[in-house]
Amino acid sequence: NFKIIAKEGVKIIFKNNGMLISYSPLTFVGTKNNPIQISSEQNLNSNGISVINAQKKSILENIVFSNLGSNEDSNWELTGAITFYQSPVEISKCSFENANAEDSLNIIRSEFKIINSNFKKSKSDAIDIDFSNGEINNVKILNSENDGLDISGSNITASNITIYDSNDKAFSIGEESNFNANNLYVK
């Protein structure tokens, strides 16, 4: 029942396997000229951000996420560098770079919007959506080592998605997903 707030110019650097796990929504809003920067000190054994069972919508805008890995402990592990589990989220004007996790962004059982954002050099999948409903608009995915966009059991509308150089599939859509899209470009 709290809200975590970060404003323009904030820099968060995870060190020594640091991570952020929240059961409340995030309101992280930077500006175009002064974005929020969230990174890890190293690209190996680094951790990321997980929002779990937040009742209210998180807002992420004008953020650069770089060199993040999956959150893990000795008894558990999440696959996303950024994970929203049963937590609504709206992502706008964000950049996800050099993620060292199975998914740069993993959204599970959540309502979501991803708008005007970029995903660059993902170690595996750039975006992984599981059993969620939402929309993806004006998104670029560059150099993902596995799938660009991996969708399972979800209902998604999408437009203006560009995917360059996915090493496996540009789009992986399965498990009774509904994907209604236009203006897709794959190279």
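Modeller: Strands here (E, at least two residues) and helices (H or I, at least four) are DSSP runs, numbered from the N terminus. This is a predicted model, where local features need pLDDT of at least 70, side-chain atom pairs count only at pLDDT 80 or more, and totals for chains, interfaces and linings use all residues. Residues are numbered from 1 along each chain as its sequence is written, and side-chain values use heavy atoms, with hydrogens and water left out.

Colleague: Fine. Where is Glu102?

Modeller: Glu102 sits in the loop between strand E11 (95–97) and strand E12 (103–108). Its relative accessibility is 47%, so Glu102 counts as partly exposed. That label has cut-offs: buried is under 20% relative accessible area, exposed is over 50%, and partly exposed is in between (1.4 Å probe, protein chains only).

Colleague: Which residues form a negative surface patch?

Modeller: Glu72, Asp73, Glu77 and Glu102 form it. Patch residues have over 30% relative accessible area and no salt bridge; like charges are joined within 9 Å, nonpolar side chains (Val, Leu, Ile, Met, Phe, Trp, Tyr) within 5 Å. Asp and Glu count as negative, Lys and Arg as positive; His and the chain ends are not counted.

Colleague: Now salt bridges. How many does the structure hold?

Modeller: Three. The criterion is a side-chain nitrogen of Lys or Arg within 4 Å of a carboxyl oxygen of Asp or Glu. One of them joins the side chains of Lys57 and Glu90, at 3.3 Å from N to O. That pair links distant parts of the chain, 33 residues apart: Lys57 lies in the loop between strand E6 (49–52) and strand E7 (58–61), Glu90 in strand E10 (residues 89–92).

Colleague: Which residues are linked in a network of salt bridges?

Modeller: Asp147, Asp168 and Lys169. Lys169 bridges to Asp168, with the closest N and O atoms 2.9 Å apart. Asp147 and Lys169 also meet, at 3.5 Å from N to O. This second pair spans 22 residues: Asp147 is in the loop between strand E15 (133–142) and strand E16 (149–152), and Lys169 is in the loop between strand E17 (155–164) and strand E18 (171–174).

Colleague: Switching to rings. How many aromatic pairs turn up in the whole structure?

Modeller: Four. Rings of Phe, Tyr and Trp (its six-membered ring) pair if their centres lie within 6.5 Å; planes under 30 degrees apart are stacked, over 60 edge-to-face, the rest tilted. Phe96 and Phe119 are stacked, at 4.4 Å centre to centre with 5° between the planes. Phe96 is in strand E11 and Phe119 in strand E13 (residues 111–120), 23 residues apart.

Colleague: Which cluster do ring pairs make with Phe96 and Phe119?

Modeller: Phe65 joins them, giving a cluster of Phe65, Phe96 and Phe119. Phe96 is buried at 2%, and Phe119 is buried at 0%. Elsewhere, Phe171 and Phe179 have centres 5.8 Å apart and planes at 45°, so that pair is tilted.

Colleague: Last one: what is phi of Asn16?

Modeller: Near 50°, a positive value in a residue other than glycine. Asn16 is in the loop between strand E2 (11–14) and strand E3 (20–22), and is exposed at 75%.

How values were computed. Areas by Shrake-Rupley, 256 points an atom, 1.4 Å probe, with all protein chains shown as cover. Charge placed at Lys NZ, Arg CZ, Asp CG, Glu CD.
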